[in-house]
Amino acid sequence: MFGFCRVAAAVPKVRVADVDFNTEQMADLWRIAAEQNAAVVLFPELSVTGYSCGDLFFQQRLYDAALEGLERLLKVSKSCDTAAVVGAPLWHDGRLYNCALVLHRGEVVGAVPKSFVPEHKEYYEKRWFASGKDLAGESVRLLEREVPFGTDLLFEGPEGLVMGVEVCEDLWSVVPPSSHQALAGATLLLNLSASDEIVGKSEYRLQLVSQQSARCMAAYAYASCGMGESTTDVVFGGDAMICENGALLERGERFLDESQIIFADVDLQRLRTMRLSEGSFADGDIRPFRRVPMTPLPEIEQLNRRIDPHPFVPSRKSERAKRCREIFAIQAAALQKRLEHIGSKTCVLGISGGLDSTLALLATYRAFEIMRKNPGDIVCVTMPGFGTTGRTLENAEKLCEGLGVTLKRIDITEACLTHFRLIGHDPEKHDIVFENVQARERTQILMDLANELGGIVVGTGDLSESALGWSTYNGDHMSMYAINVGIPKTLIRYLVEWTAEVYPHIREVLHDILATPVSPELLPSKEGEICQKTEEVVGPYELHDFFLYHMIKSGATPKKILFLARHAFGGRYDEATLRKWLGVFLRRFFSQQFKRSCMPDGPKVGTIALSPRGDWRMPSDARVNEWIKELEESE
């Protein structure tokens, strides 16, 4: 399943010190996890006995009952491949430890003691339990078997699944044990917890778990004690959550008066790729760990996880507005710095009435607002040619008028016809020469005009076009500062929509620009209507942005990208369509690298950028064969 692994976090209903009842509840949840093909199910801290037993932990009878309960749980495990991590007290060398026990196929395969035992405010665990933070390389006699014991244990399953285990307060420490576990190769971190509920703690707890999963570039499952624990002084709400690299995948409901279990399918393959390509993960110190093999573990048959079809665009409107505001600020700040550095007072832009040039103009206008410069020093040039329609030309003019910028209109038709004559090209032959002559003529006009005015040409091309090479080399491919270069096409639409609220006096024209089909308008129009629609030629941008995100961010193979696309788009595109456009994307991405290798400066705004000076360094003559081979073999 392309590196996906199903994880369960369970919160059983408990009775304090009633081991029979507790283990029965746990066994039922374990069976549910096994039915759902979870590789592992996580239970809360001291789940076998209950966390709030107090001085009953001194009682031999409770300890004996815990061992008896473990034996009953092991009988459950004999009939399934799903592993379980349970909490129980454990004696070792005259000390009692608060432990996480890993159970698999009828055996306790490892015991991990709690490192940081709290002794503050409502917590006074040192009254009963010793710290295990210095225990390594040891074993403990448990249920007539020698079991690996210590904080130096990792549990290794198939397909890159390596589990590290810590207990409650360990996560709240300055350097959690899970940090060292991750650096040693753990991809799934598990926390058995007993975190009581006080006002505001739930949000902080989520921040801790999500941040640790992000810092460790790992999946992190968390299960805390729930209803049924003693309420003598505190209340336990039964929080359960599963995060992956900072993102919350699933969270349970607190204060339930019944057992609950949550599931999430985590992408271990993606995490391994990110550790290789992002951050300073490889520079961390690696402590020695013993690896305990755990096979077999269940494999999932069907993915149970939402795959966002638009990974660059936040699905919630409030988050989308926040993202747009930040990107707009980055663009304006980037251009402001460049203008201040070179001392240029003028910006020159080609305005087509399309999305990209509209956003570039709006970001330039915002930079001028910040610098308190006259918007009249923004010189916009509309350059109608063979394919220009009345709608786009009118929108370009309305936009410039609304913003109070300088507008020039330079018809390129005669210049292009002259050029056709010079090179001997038939103007009735509407081929790549016909299209590129227009693109380069427009760029030449902009460059020369910028020289004339002592300004710079602000580029309009975006990230999606850069990935596909959908530009004319040394034509619209080139500018003096590429302000949109870090923004994918699917997000540009929302940015323009957002700016319609920022500048309501131009809202009407912006909405019409949003409703206009994406087109370079290089081929003659038909009865005044656009006939050259980019997405009919190169494919839907929502697909290409999806392919780009998963190929670069996750290192996904063509097979995995197809798998994710099927799941994400839910039948909106058939198999043949997905394969066709993925093939186009791969071929263009490789063949058009030479354009990216000499792309102009421009700001990075998201986690994916293709600048050869920054995020993406790829030879221009790399072959796509292996990627196409896998795509074709997967048919």
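Good morning. A residue counts as buried under 20% relative accessible area, as exposed over 50%, and as partly exposed in between. Please keep that scale in mind for the structure shown here, which is a predicted model.

Together with Leu422, Ile432 and Val433, Ile423 makes a nonpolar surface patch of about 400 Å². Helix H10, residues 413–423, and helix H11, residues 432–453, are the elements that give two or more residues to that patch.

The largest nonpolar core has 87 residues. Its largest share, 10 residues, comes from helix H8, residues 355–371. Leu548 is one of the residues with the most contacts inside this core, as are Phe585 and Phe589. Leaving aside residues up to four places away in sequence, Leu548 touches several partners, among them Phe312, Leu463, Phe585 and Ile608. Apart from this core lies another, of 51 residues, including Ala10 and Phe236.

Finally, I come to helix H17, residues 558–569. At 1.5 Å a residue, its 12 residues should span 16 Å, and its end C-alpha atoms are 16 Å apart, so the two values agree. How many of the residues of H17 are buried? The count is 9 of 12, and the helix is thus mostly covered. Among the buried residues are Pro558, Lys560 and Phe569. The cover over the buried residues includes strands E1 and E16, together with helices H6, H16, H18 and H20. After H17 comes Gly570, with a positive phi near 50 degrees.

Thank you for your attention.

Key:
Residues are numbered from 1 along each chain as its sequence is written. This is a predicted model: local features need pLDDT of at least 70, side-chain atom pairs count only at pLDDT 80 or more; totals for chains, interfaces and linings use all residues. Side-chain values use heavy atoms; hydrogens and water are left out. Patches are made of residues with over 30% relative accessible area and no salt bridge: like charges are joined within 9 Å, nonpolar side chains (Val, Leu, Ile, Met, Phe, Trp, Tyr) within 5 Å. Accessible areas come from the Shrake-Rupley method with a 1.4 Å probe; for residues, only the protein chains shown count as cover. A salt bridge is a side-chain nitrogen of Lys or Arg within 4 Å of a carboxyl oxygen of Asp or Glu. Helices (H or I, at least four residues) and strands (E, at least two) are DSSP runs, numbered from the N terminus. A nonpolar core is a set of buried Ala, Val, Leu, Ile, Met, Phe, Trp, Tyr and Cys residues joined through side-chain atoms within 4.5 Å. Buried means under 20% relative accessible area, exposed over 50%, partly exposed in between (1.4 Å probe, protein chains only). Contact means heavy atoms within 4.5 Å. The expected span of a helix is 1.5 Å times one less than its number of residues.
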